[in-house]
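Visitor: I would like to learn how to read a structure like this one. Please take me through the features one at a time.

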Amino acid sequence: MGGRSRWEWRTASAVRGQSRTDRSGTVELCLNVYFCFVHLIIGRSRLPNTEKSVGNERLTEEFVHIPVLSEEAIAGLAVRAGGHYLDATVGGAGHARLILEAAPDLCLTAIDRDELAIRVARERLASFGERVTFWQGNFAQYEPGEQQFDGIIADLGVSSAQLDLSERGFSFREEARLDMRMDARQSLTAEEIVNHWDETELADIFYKYGEERFSRRIARQIGRSRPLRTTTELAEAIARSVPGRYRHGRIHPATRVFQALRIAVNQELASLETFLARVADWLKPEGRLAVISFHSLEDRIVKHRLRESPQLRVLTKKPIRPSEQESQNNPRSRSAKLRIAERVTAIE
Ligand SMILES: C[S@@+](CC[C@H](N)C(=O)[O-])C[C@H]1O[C@@H](n2cnc3c(N)ncnc32)[C@H](O)[C@@H]1O
């Protein structure tokens, strides 16, 4: 690449800024989303337009996601030969592959809400043959039947690939329909929320899921700008509603609102609560659970639910964080936190 692009310059200044300033969960949340976008812009060739469809064969190559805290997660699961593992968020199959390679003769059940992720994972894990089975759906609704697992991993949120495919509507750097559904079978989209929910409801989700301080002004501006059909129209409306000095800061003013909408569309926190309430029953005694979260709202839920479960013993007093090296190599990993728990043999 020749001269530095605007985005590269912004990345460099954001890195410098972060090392100097506070590293609170909130800032990390925003930086994570921001870095993820920037990383993807720089790191991959663009697909031509929104008609590039999910059916395109090139999509498997385009579906790029670097697994986060992979060594730590595999070690934490204490993967053993002949075991049966559950990857509740298979995504680009990075963690799944490492689990399958960690010991011979083990089996893996792979879940994802996203049909495309399942398709990609199926292709990437084809060489493991019948050792892998797939299920498309929300991990909160999974029914394992009699099956109990030696280990379960959940790597929460959206994948880089989902963010990067502009037609999914998760990102505002290219114009696309306001979609944001991980599972295209569900009817609720971001477009529906943005155009039909009350301004008070909008403000509430921006505040609750995005920790957005200008939630009310943004909601009012959205109300005045309706209908808003695309990601860029929404991002512009948000930028218009915040004070000037926030328009040119190191985080785009739409970052928190997009995060909030994504959480609301996919009911991410409610799904996580249900999953954590059920997951201990899916583990064999001494089976391990590894959960990777990317923002403080998720991590708070994981921390408390693991601690409160009488069936689980928490093995990580503090969450495991990525090394400096990993943070540098994969900016998306910066805000990751890994917590591990083990199913107790008898209720203690
Ligand atoms: C961070 S990515 C996982 C990446 C994966 N560990 C890898 O190494 O490639 C998160 C994935 O979880 C999926 N996901 C998020 N919430 C889910 C849920 N409630 N149920 C099932 N899948 C979910 C997303 O569709 C996405 O593909």
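Guide: Helices (H or I, at least four residues) and strands (E, at least two) are DSSP runs, numbered from the N terminus. This is a predicted model, in which local features need pLDDT of at least 70 and side-chain atom pairs count only at pLDDT 80 or more, while totals for chains, interfaces and linings use all residues. Residues are numbered from 1 along each chain as its sequence is written, and side-chain values use heavy atoms, with hydrogens and water left out. The protein has 16 helices and 7 strands. Gly94 belongs to helix 5, which covers residues 94–102, and His95 is in helix 5 as well.

Visitor: Is His95 buried or exposed?

Guide: Buried means under 20% relative accessible area, exposed over 50%, and partly exposed in between (1.4 Å probe, protein chains only). His95 has 5% relative accessibility, so it counts as buried. For the protein as a whole, 57% of the 348 residues count as buried.

Visitor: Which residues come nearest to the ligand?

Guide: A residue is near a molecule if one of its heavy atoms lies within 4 Å of it. Of the 25 residues around the ligand, His95, Asp112, Phe139, Asp155 and Gln162 come nearest.

Visitor: What polar atoms lie by the ligand's oxygen and nitrogen atoms?

Guide: A polar contact is a pair of N or O atoms within 3.5 Å; within protein, one must be able to donate a hydrogen and the other to accept it, and residues adjacent in sequence count only if both atoms are side-chain atoms. A backbone N or O atom of Gly92 is 2.9 Å from an oxygen atom of the ligand, and a polar backbone atom of Ala93 is 3.3 Å from an oxygen atom of the ligand. A polar side-chain atom of His95 lies 2.8 Å from a nitrogen atom of the ligand. Taken alone, the ligand exposes 600 Å², and the protein buries 99% of that. Accessible areas come from the Shrake-Rupley method with a 1.4 Å probe; for residues, only the protein chains shown count as cover.

Visitor: Where is Ser159?

Guide: Ser159 is in the loop between strand 4 (149–155) and helix 7 (160–164). Its relative accessible area is 7%, so Ser159 is buried. Leaving aside neighbours within four places in sequence, Ser159 is in contact with Phe63 and His65.

Visitor: What about the backbone of Glu211 and Pro227?

Guide: Most residues other than glycine have a negative phi, and most peptide bonds are trans. Glu211, in the loop between helix 9 (199–210) and helix 10, has a positive phi near 50°. The peptide bond from Arg226 to Pro227 is cis, with omega near 0°.

Conventions
Contact = heavy atoms within 4.5 Å.
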